[in-house]
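Good morning, and thank you for coming. I would like to take you through one structure, with attention to its aromatic rings and its surface.

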Amino acid sequence: MKYIIRESTKSDMPQVLDLINELAVFEKEEDAVEVTVDDLIADGFGPKKSFHCFVAENEGDIVGMALVYPRYSTWKGPVIHLEDLIVKEKMRGSGLGTALLNKVVKYGSELGVKRISWEVLDWNDPAINFYESKGANVMRDWNVVQLNETAIQNYLKKI
């Protein structure tokens, strides 16, 4: 299958949201997606750009995406975070995941970042194997820590 990797546009955001929802179903979190197409457009293409997105296109359809955003490491300096790399199920094994990751790594290098980081679920063995095959260090001794919207509000009530 042929595909091209390119920078996303506003008009891609409905299909990007479809990919996000597909990932949520795969990760057994189908009710967790709150972001809308309007949010993606405002946050990715507005005056204060929150993320950078690459898409993979096949015959006019968006069949994969990689979304990154800047972070800062107190140990290393500028880094980027790969929030999601998603490949439609029908395209898995086609080299598309590698092509998207290649684009992210080239982008990070062009920015001069010191690290590219992301998370992977501990039960997603195909993704873990894929990332390790690319030279990524899957740090199994670290835990992801988050405060969701409700937890933030509860926290604030206690201070």
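Let me begin with a definition: a residue is called buried under 20% relative accessible area, exposed over 50%, and partly exposed in between, with a 1.4 Å probe and protein chains only. Ile152, with a relative accessible area of 37%, is therefore partly exposed.

A word on the source. This is a predicted model, in which local features need pLDDT of at least 70, side-chain atom pairs count only at pLDDT 80 or more, and totals for chains, interfaces and linings use all residues. Residues are numbered from 1 along each chain as its sequence is written, and side-chain values use heavy atoms, with hydrogens and water left out.

Ile152 is found in helix α5, residues 149-157; helices here are DSSP runs of H or I with at least four residues, strands are runs of E with at least two, and both are numbered from the N terminus. Together with Leu147, Tyr155, Leu156 and Ile159, Ile152 forms a nonpolar surface patch of about 530 Å² accessible area. Such a patch takes residues with over 30% relative accessible area and no salt bridge, joining nonpolar side chains (Val, Leu, Ile, Met, Phe, Trp, Tyr) within 5 Å and like charges within 9 Å. A salt bridge is a side-chain nitrogen of Lys or Arg within 4 Å of a carboxyl oxygen of Asp or Glu, and the areas come from the Shrake-Rupley method with a 1.4 Å probe, where for residues only the protein chains shown count as cover.

I turn to the aromatic rings. Rings of Phe, Tyr and Trp (its six-membered ring) pair if their centres lie within 6.5 Å; planes under 30 degrees apart are stacked, over 60 edge-to-face, and the rest tilted. How many aromatic pairs are there by this rule? The count comes to four. One of them joins Phe26 and Trp123 in a tilted arrangement, 5.5 Å centre to centre and 45° between the planes. Phe26 belongs to helix α1, while Trp123 lies in the loop between β5 (116-117) and α4 (125-133), 97 residues apart.

Charged side chains also meet these two rings. The charged end of Lys28 sits over the ring of Trp123, 4.3 Å from its centre, and Arg92 lies over the face of Phe26 at 5.5 Å from the ring centre. The criterion is NZ of Lys or CZ of Arg within 6 Å of the ring centre and within 35 degrees of the ring normal.

Finally, Lys28 has a positive phi of about 60° although it is not a glycine.
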